[in-house]
Amino acid sequence: MTEPDLPQPPTRDLCGTMLVHRRLLNESMTYRARRAAIENRALQYERGRRSPVRSEVVTVPVVVHVVHNPAVPEQNIGDDQIHSQLAVLNRDFRAANPDREKVPEVWRPLVADAKIEFRLAAVDPEGEPTGGIIRVPTDRRSFGFDDAVKASATGGSDPWPTDQYLNIWVCQLGGGLLGYAQFPGGPPQTDGVVVLHTAFGTTGTAAAPFDGGRTATHEIGHWLDLYHIWGDDDGACTSDDKVADTPNQADANTGSPVFPHVSCGNGPHGDMFMNYMDYVDDDAMFMFTRGQVTRMNACLEGVRASFLVSSHALAVPSRPAPAGPVPSGAAPAGLTSAGPVPSGGAAGVPASAPGAAAGAAGLHQAAAPGQDFGPVPGPAHWPAPGAAPGVTDGAGTGVTDGAGTGVTDGAGTGVTDGAGTGVTDGAVGQAARPDGEVTRVLRDSERLVTEVLRDIRTAIHLVGGDRPGG
Ligand SMILES: [Zn+2]
């Protein structure tokens, strides 16, 4: 046989995110320290000690890497399948999905609009117009959760700067995996989500029961720091998803459960199995809760704050279509309103577009994909594979080095979260804010810096002396 076999589409949900999470925890004390800091921030939001600052909808620039084996042509999915996925995301993260009506009465008040939208990038890292879709042939028959798909050197496709774009790799996954994400706080060069092509979008190769586009909704939930709703404790009821308004549940639900399904003594209503962060079939999941949205906001206003100011990747008003018409009804908001395709390449970026000039400049400064990215403090500190992360070196003074946080960079920039990605609240729509508000935010940031420093020191203490093997 010369052609790779096309594995049968999975019949049961399987997400590799926790496998990646545990691998990174084992490999890297930097990751552990960052996760501790990110968790601390999420806890502050969860407990109401901090409130989300953001009120506007944020639009996340997306680049889709279609990594396909030419021997299996269907892996090279069509643009319409990609657009169908974007349309699902833009419903699910706005609580605009029609099937939200199926949420049991008792939980309807919890259904929440995350106010996050997704749009294929219009400007690439070099500042050139793009359709936001990259097609890369590979010799690989399939990929696993080892991140090989995220690098050209291992048969995949290098990411675009992961602090400016949500990178989505679509490929053949093996081992029954539907997809996996990397939690915030991980290595920037592997940040993003991976989705099996037969579980991506609603058309083309998408195959039941995962043809509702919900695998990407679930994985992007992880990318925004959501845990599985059952807490990944294998039925022990001892761990939960760190979100108070989702009931504690024993283990993953699969298929299409009947309400109520009681576990962990969570009756009478039981498990919230219709949540996007469970494992049920695509047509059986319909909601994020308010608590989950609060946690996503802690992430977006913290470790992923760069996405609140990175609209330059979307600056070109019309998508310079690489091929074919965008199917109406499937295209994400904003793309179908496009005027004539600009003929002048980069000249298509209007000088009047908000942030266009600054954005282009920023993009030109960005490092090439696969290298450390741009001005973000985190990536520059991320240790090379196998290197001692150096957290213990900083145990006395600093957090600056080992934790990779850039904590000493100054209160206004990249400090508050310890996650190394421009966590400043001040960066969040600051220009539009009255002075009093800015002052308040800066004061909050200063307080949070102190708290985060304390937490990072605690984290360092907890892992002190413990160096990764290999
Ligand atoms: Zn998952």
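Helices and strands here are DSSP runs, of at least four and at least two residues respectively, numbered from the N terminus. The model is a predicted one.

**Stop 1: Pro209.** Select Pro209, in the loop between strand E6 (193-196) and helix H4 (214-223).

**Stop 2: Asp225.** Go on to Asp225, in the loop between H4 and E7. Asp225 is not a glycine, yet its phi is positive, about 85°. Is Asp225 buried or exposed? Asp225 counts as buried because it has 27 C-beta neighbours inside 10 Å, and the cut-off for buried is 20 or more.

**Stop 3: Pro260.** Select Phe259 and Pro260, which are joined by a cis peptide bond with omega about -5°. Pro260 belongs to the loop between strand E7 (254-255) and strand E8 (279-280).

**Stop 4: Lys115.** Move to the loop between helix H3 (79-92) and strand E2 (116-120), where Lys115 is found. Lys115 has a positive phi of about 55° and is not a glycine. Lys115 has 18 other C-beta atoms within 10 Å, so it is partly exposed; that class lies between the limits of 12 or fewer for exposed and 20 or more for buried.

**Stop 5: Asn40.** Finish in helix H2 (residues 29-46), which contains Asn40. Asn40 counts as buried because 21 C-beta neighbours lie inside 10 Å. What separation do the C-alpha atoms of Asn40 and Ala298 have? Those C-alpha atoms are separated by 9.8 Å, while the two residues are 258 residues apart along the chain.

Key. Residues numbered from 1 in each chain as written. Predicted model: local features only at pLDDT ≥ 70, side-chain atom pairs only at ≥ 80, totals over all residues.
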